[in-house]
Amino acid sequence: MDHSLVFVVAPAACLPEAKATWEELAVAQRQGPAGAFGLRIYTSATTAAGDLADLPWIGQLEPAAGVPARRCICDAVIPQFDPRSNAIGVYQSGADPNFFHCLDRFELSEASNETCWFYPTHDGTFLSWERALTIALEPGMVPTDAQILLPGSYERSQLTLLWSLLADDVSLTCVGLTYGGQRIEWPQAQSEPEPVATWSLFTVDTQADVSLTVEAAQSVFPTS
């Protein structure tokens with residue numbers, strides 16, 4: 001592909017129809033997802049349910065004397081893309097690098113769907129930390145080192161919404177988008193965390209009828 005694709009998620013009326021500058025695409029993207037949540041998952045070591053209230057609001061676990069190391073195995077920010085109320089525009093620069101031409105615009109709910117398993121796929125006990133965020137995103141792109149794996153020309157069928165069950169959710173959550181099997185990344189232009197976070201202790205048993213069980217959960221707040 002000669003030029004990188006740029007993806008904008010926002011209400012359909014906000015998406016430029018023909019060509020646009022980067023600034024115009026950025027303004028459109030700011031009308032899209034404004035909510036997100038941060039998620040970190042750690043191996044739990046010997047953490048017990050009663051220890052959750054003492055864990056930090058900021059979500060970073062530092063090594064402590066006499067406590068087995070708790071390894072971070074997931075650190076992600078998941079925007080609330082909300083396919084029911086947003087559309088997606090796909091843009092590409094041409095001979096004039098100052099302008100991006102619209103290749104496609106359609107409702108996000110019309111994209112292909114794929115399920116994924118966001119939590120650990122191996123058995124064990126784990127800690128998760130979640131915190132809601134208010135965000136502003138830049139337009140999205142596939143990372144440069146993965147663009148060589150993309151189709152030679154744009155194909156709508158290659159755009160996919162990823163859905164996963166998170167913790168004890170009763171329905172799937174949209175956790176991201178891919179193009180050509182490669183994850184699209186939306187850089188954060190702004191991020192403001194909510195003043196509360198939730199630590200959860202959960203187990204994964206792939207042989208059980210219910211493979212993920214939340215053992216305990218605790219809200220924590222910033223220390224004054």
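**Starting out.** Before listing elements I settled what counts as one: helices (H or I, at least four residues) and strands (E, at least two) are DSSP runs, numbered from the N terminus. I also noted that this is a predicted model.

**The chain as a whole.** With that in hand, I read the elements from the N terminus on as β-β-α-β-β-β-β-β-β-β-β-β-β-β. The chain holds one helix and 13 strands. I looked up its extent next: the C-alpha atoms fill a box of roughly 60 × 45 × 30 Å along the principal axes. Of the 224 residues in the chain, 42% are buried. I then turned to contacts between residues at least 6 apart in sequence, and found that 75% of these join residues at least 24 apart.

**The open sheet.** In what order do the five strands of the open sheet lie? I found S4-S3-S8-S12-S13, with antiparallel pairing. Strand S4 (72-79) and strand S13 (212-220) are the edge strands, each pairing on one side only. From one strand to the next, the twist averages 25 degrees. I reminded myself that strands of a sheet pair through backbone hydrogen bonds, either parallel or antiparallel. Arg40 has Asp75 in S4 as its bridge partner.

**The cores.** Next I went looking for nonpolar cores. The largest has 25 residues, and those with the most contacts inside it are Phe7, Ile88, Leu177, Tyr179, Ile184 and Trp186. Several strands each supply at least two residues of this core, among them strand S1 (5-10), strand S5 (87-93) and strand S10 (173-179). Strand S8 (124-137) is also one of these suppliers, and S8 has a place in the open sheet too. A second, separate core has 15 residues, including Phe118, Leu162, Leu166 and Leu212.

**A closer look at Trp186.** Which residues does Trp186 touch, leaving aside its neighbours within four places in sequence? My list includes Phe7, Val9, Phe81, Leu137 and Leu177, and also Gln29, Glu138, Pro139 and Gly140.

I counted six aromatic pairs in the structure. Ring pairs link Phe7, Tyr154 and Tyr179 into a cluster; I had already met Phe7 and Tyr179 in the largest core. Finally I checked for charges over rings. Lys19 lies over the face of Phe99, at 4.7 Å from the ring centre. Arg131 has its charged end over the ring of Trp57, 4.6 Å from the centre.

Methods:
Residues are numbered from 1 along each chain as its sequence is written. This is a predicted model: local features need pLDDT of at least 70, side-chain atom pairs count only at pLDDT 80 or more; totals for chains, interfaces and linings use all residues. Side-chain values use heavy atoms; hydrogens and water are left out. Two strands pair if DSSP finds at least two bridges between them. Axes are lines fitted to C-alpha atoms, for helices over the stretch in contact, and angles run from 0 to 180 degrees between N-to-C directions. Rings of Phe, Tyr and Trp (its six-membered ring) pair if their centres lie within 6.5 Å; planes under 30 degrees apart count as stacked, over 60 as edge-to-face and the rest as tilted. A charge sits over a ring if NZ of Lys or CZ of Arg is within 6 Å of the ring centre and within 35 degrees of the ring normal. A nonpolar core is a set of buried Ala, Val, Leu, Ile, Met, Phe, Trp, Tyr and Cys residues joined through side-chain atoms within 4.5 Å. Buried means under 20% relative accessible area, exposed over 50%, partly exposed in between (1.4 Å probe, protein chains only). Contact means heavy atoms within 4.5 Å.
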